[in-house]
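Please read these notes with the model open beside you.

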Amino acid sequence: MPEQVHERGPGQGEGAEERQGRGGPLRAFGLAEVYNPSMVPTLQPGDQLVVQYGAAVRPGAVVVLRHPFRQDLLIVKRAVQRRDGGWWVQGDNPFVENDSREFGVVPDELVLARAWVRVRPPRGVQRSVAGVLSWAVSAVRPVRAERSLSSRLRAR
């Protein structure tokens, strides 16, 4: 099953193109929710992503894009390499191949946003201040670009 992302923010609903073109830089941010395990261990199903629409993509960045064969489906992948005509993207989970190994290079116009922050929802009810602080420290993390995906894959 393809990685699925639920999008909230600019780029959805009526007048989306108009909203993206107006206003300040804060209008270029939105939320996306991860549903499937193709980015494990970096992202887990249920994680929320703060994304920036139209942000510059660099190798190693985690991006939200439209699936090349099902453009109504949003997916999250790591941009591995810039190639002629677009980006080669892969998931971090080596057991899920729903990425460029299956569908090839993704055209630039299908890459919608870059992920900046991952928020992991709390597991269960936090009953103490220490529990809430512990969750906050571990749950909110920047989504960093991997410097060398190929070296990380060789190390496995």
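1. Exposure terms first. A residue is buried under 20% relative accessible area, exposed over 50%, and partly exposed in between (1.4 Å probe, protein chains only). Valine 105 counts as partly exposed because its relative accessibility is 28%. Valine 105 sits in the loop between helix 2 and strand 7; helices (H or I, at least four residues) and strands (E, at least two) are DSSP runs, numbered from the N terminus. Its C-alpha atom is 7.3 Å from that of valine 89, 16 residues apart along the chain.

2. Basis of the values. The model is predicted, so local features need pLDDT of at least 70 and side-chain atom pairs count only at pLDDT 80 or more, while totals for chains, interfaces and linings use all residues. Residues are numbered from 1 along each chain as its sequence is written, and side-chain values use heavy atoms, with hydrogens and water left out.

3. Phenylalanine 69 is exposed, at 58% relative accessible area. Phenylalanine 103 is buried, at 8%.

4. Charges over rings. Arginine 83 lies over the face of tryptophan 88, 4.2 Å from the ring centre. Arginine 114 places its charged end over the ring of tryptophan 116, 4.3 Å from the centre. The test requires NZ of Lys or CZ of Arg within 6 Å of the ring centre and within 35 degrees of the ring normal.

5. More on arginine 114. It belongs to strand 7 (residues 111-119). Arginine 114 counts as buried because its relative accessibility is 11%. A polar atom of its side chain lies 3.3 Å from the backbone oxygen of alanine 56.

6. What lines the largest pocket? The residues are Pro41, Thr42, Leu43, Arg78, Arg118, Arg120, Arg141, Pro142, Val143, Arg144 and Glu146. By class, the lining has four nonpolar, one polar and six charged residues (Ala, Val, Leu, Ile, Met, Phe, Trp, Tyr, Cys and Pro are nonpolar; Asp, Glu, Lys and Arg charged; the others, Gly among them, polar).

Key:
On a 1 Å grid over the protein atoms alone, a cavity is a set of points where a 1.4 Å probe fits but cannot get out, and a pocket is an open set with protein on both sides within 12 Å along at least five of seven lines; lining residues have an atom within 4 Å of a point. A polar contact is a pair of N or O atoms within 3.5 Å; within protein, one must be able to donate a hydrogen and the other to accept it, and residues adjacent in sequence count only if both atoms are side-chain atoms.
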